[in-house]
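Please read through the structure shown below with a few questions in mind.

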Amino acid sequence: MKRNLILNALVGCLAAMTAGAADEPTVINPGNWRTPPSDAVILFDGSSLDKWKGNDDKPAPWNLVDDRAMEVAPGKGGITTRDEFGSFQLHIEWASPAEVKGEGQGRGNSGVYLHGRYEVQVLDSWNNKTYPDGQAGALYSIAPPLVNASRKPGEWQSYDIIFNAPESMEGGTQKPATVTVLHNGVLIQNHVAVNRATTASPLKGLPEKGPIHLQDHGNPVRYRNIWLRPLN
Ligand code: MG
């Protein structure tokens, strides 16, 4: 009995030592639905496209529109952040066109490419059937979303994405990237390991840093309130 008491006391001491070892988390202002947290990198707040570029390093060819938003300029190509990032938390809001045109992959198609390689599909998936790993919130060609949490065409929707970059390991192997996505606050990708670029990726290789790329798939999809918190 006495031995158990001593053992318990020792375990308690060790736990206290371990529990006290972590650094105190930084205090930030968490913001709200429309205002980013105080430690976020603002990628787009409606004022300019300065953080983005078009093909061949040209200025981003998309249009600034109402609602502090930007809109795909169909046929002019996707846009890519000038900066590159490792692991991050990304918030992005998007809306497919209110006027419904086309079907399947032709309706409100765009995409958020993490590191320019892994596409989180943007699509009008409200009453619009397509293949599961190509609908809104899919990791395109890799994993369908866990549920279809889509809002109606024209309504603003959000993706909150946690991306852990791939890591080179000893011996030349690579720890895959992982992707978690909340669509309109609902978990739809749960720490999915990704060891290849999705099809139609504009960039090759799987480096440890990369840009955010937004796809021009020929539909006037809008984006707003884009911010990112680097995690390394
Ligand atoms: Mg797409």
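Q: Is asparagine 127 buried or exposed, and at what relative accessibility?
A: This is a predicted model, in which local features need pLDDT of at least 70 and side-chain atom pairs count only at pLDDT 80 or more, while totals for chains, interfaces and linings use all residues. Residues are numbered from 1 along each chain as its sequence is written, and side-chain values use heavy atoms, with hydrogens and water left out. Buried means under 20% relative accessible area, exposed over 50%, and partly exposed in between, with a 1.4 Å probe and protein chains only. Asparagine 127 therefore counts as exposed, at a relative accessibility of 69%.

Q: Which loop holds asparagine 127, and what is its phi?
A: Strands here are DSSP runs (E, at least two residues), numbered from the N terminus, and asparagine 127 is found in the loop between β8 and β9 (157–164). Most residues other than glycine have a negative phi. Asparagine 127 is not a glycine, yet its phi is positive, at about 50°.

Q: What is the phi of aspartate 57?
A: Aspartate 57 is found in the loop between β2 (52–53) and β3 (63–65), and it is exposed, with a relative accessible area of 52%. Although aspartate 57 is not a glycine, its phi is positive, at about 70°.

Q: How many of the residues of strand β8 are buried?
A: Tyr118, Val120 and Val122 point one way from β8, whereas Glu119 and Gln121 point the other way, and all are buried. Strand β8 (residues 118–122) is largely enclosed by the rest of the structure, because its buried residues number 5 of the 5.

Q: Which residue stands opposite tyrosine 118?
A: Two strands pair if DSSP finds at least two bridges between them, and 5 bridges join strand β7 (residues 110–114) to β8 in an antiparallel arrangement. The two strands form a hairpin with 3 residues between them, and histidine 115 in the turn has a positive phi of about 55°. Opposite tyrosine 118 in β8 stands leucine 114.

Q: Which residues are the protein donors of the magnesium ion?
A: Donors are N, O and S atoms within 2.8 Å of the metal (3.2 Å for Na, K and Ca), and water is not among the atoms, so sites may look incomplete. Along the chain, the donors of the magnesium ion follow the spacing N-S-x8-E-x1-Q-x93-Q. Lying 2.2 to 2.3 Å from the ion, they are Asn109 (OD1), Ser110 (O), Glu119 (OE), Gln121 (OE1) and Gln215 (OE1).

Conventions
Helix = DSSP H or I, 4+ residues; strand = E, 2+ residues; numbered from the N terminus.
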